[in-house]
Amino acid sequence: MTCHIDYQAPSSLLEGRVILVTGASTGIGRAAAMAYARHGASLVLIGRSVARLEVVYDAIEAAGGPQPAIFPLNLESATSQDYASLAAHLESEFGRLDGLLHNASVLGERLPVAEADLETWAQVMQVNFTATLGLTQALLPLLARSESASVIFTSSSVGRRGRACWGAYSTSKFATEGLMQILADEHRDGAIRFNSINPGATRTAMRQAAYPDEDPAILRTPEEIMPTYLWLMGNDSATANGEAFDAQPPRH
Ligand code: NDP
């Protein structure tokens with residue numbers, strides 16, 4: 001659970017690397033896409049809305065980053081066919097994949113288990129977990145072609161300790177942590193490494209939806225938690241595999 005908030009990434013950390021970020025249109029995913037591009041990576045931006053992804057595309061280009069690629073995908077309805085066609089597209093465009101940040105998630109409803117709607121629960125599991133599994137599975141062959149690939153799963157404090165009324169979201173994050181550990185154990189040679197990050201309380205739309213009465217000004221911004229995202233994506237973390245990290249120290 002080490003926190004790398006003070007990590008200072010060299011500007012060439014991710015030069016020449018191809019990195020896919022899900023939920024790249026806003027919040028933490030957008031900040032990670034921008035940070036990775038600023039450190040030399042070619043980004044593949046995934047999200048539901050082309051218009052929102054285009055804004056990030058333009059921001060990366062305006063900042064002088066390598067030209068990104070946009071691939072619209074709704075993870076709530078995506079099928080193995082969609083993941084396969086994404087993999088085929090990336091293979092013809094880049095030939096490999098060096099990094100994968102699973103960031104997209106939905107919050108779902110905040111209710112006790114006794115009152116939870118099963119259909120909504122399944123939708124949250126689909127976006128937060130099953131799509132993560134499908135995407136990883138389809139992209140493993142491309143990741144295997146990288147000299148050193150890093151796959152980062154996004155967890156949460158409620159993915160490490162259950163909390164009342166966090167139902168499907170919490171379950172989906174526990175499942176994600178489990179998948180990360182299984183994959184890490186299956187790839188003990190370290191050619192592809194799998195780890196998770198708990199971003200901690202961060203100033204985004206999701207946090208605002210979860211805590212509507214909280215003053216967002218007291219929270220770290222997505223940009224402020226990027227040191228851990230950079231460290232774990234680059235080769236300075238080459239020996240980390242199967243570990244769960246925090247992007248910021250716990251708040252008291
Ligand atoms: P936001 O709600 O701000 O962003 C979520 C992203 O996920 C958006 O880019 C959205 O894209 C994308 N997304 C949502 N549903 C889908 C879908 N069906 N298909 C494709 N993309 C989708 O969330 P945060 O930035 O706050 O969260 C990022 C990650 O960090 C999540 O995994 C979250 O669980 C985790 N986290 C966040 C914390 C926080 O305090 N903010 C704390 C702990 C964990 P679009 O709507 O454009 O399609």
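How far is an oxygen atom of the ligand from an N or O atom in the side chain of Y169? The separation is 2.5 Å. The model is predicted, so local features need pLDDT of at least 70 and side-chain atom pairs count only at pLDDT 80 or more, while totals for chains, interfaces and linings use all residues. Residues are numbered from 1 along each chain as its sequence is written, and side-chain values use heavy atoms, with hydrogens and water left out.

An N or O atom in the side chain of S25 is 2.5 Å from an oxygen atom of the ligand, and a polar side-chain atom of T204 lies 2.5 Å from a ligand oxygen. The protein covers 93% of the 890 Å² of accessible area that the ligand has on its own (Shrake-Rupley method, 1.4 Å probe). A polar contact is a pair of N or O atoms within 3.5 Å; within protein, one must be able to donate a hydrogen and the other to accept it, and residues adjacent in sequence count only if both atoms are side-chain atoms.

The ligand sits in the largest pocket. A pocket is an open set of points, on a 1 Å grid over the protein atoms alone, where a 1.4 Å probe fits, with protein on both sides within 12 Å along at least five of seven lines; a molecule sits in it if more than half of its atoms lie within 2 Å of its grid points. Helix 1 (27-38), helix 5 (167-186) and helix 6 (205-210) each give two or more residues to the shell around the ligand, and helix 6 supplies the largest share, three residues. Helices are DSSP runs (H or I, at least four residues), and strands are E runs of at least two, numbered from the N terminus.

There are 28 residues around the ligand, of which S25, R48, N103, Y169 and T204 come nearest (near means a heavy atom within 4 Å). By class, the shell has eleven nonpolar, twelve polar and five charged residues.

Elsewhere, N128 belongs to helix 4 (residues 118-143). N128 counts as buried because its relative accessible area is 3%, the cut-off being under 20%. A polar atom of the N128 side chain lies 2.9 Å from the backbone nitrogen of V106.

E223 is found in the loop between helix 6 and helix 7 (226-233). E223 is exposed because its relative accessibility is 53%, where exposed means over 50%.

Methods:
1 Å grid on protein atoms, 1.4 Å probe; cavity = no way out; pocket = protein on both sides within 12 Å on 5 of 7 lines; lining within 4 Å. Nonpolar A, V, L, I, M, F, W, Y, C, P; charged D, E, K, R; others polar. Buried < 20%, exposed > 50% of the residue type's maximum accessible area, 1.4 Å probe, protein only.
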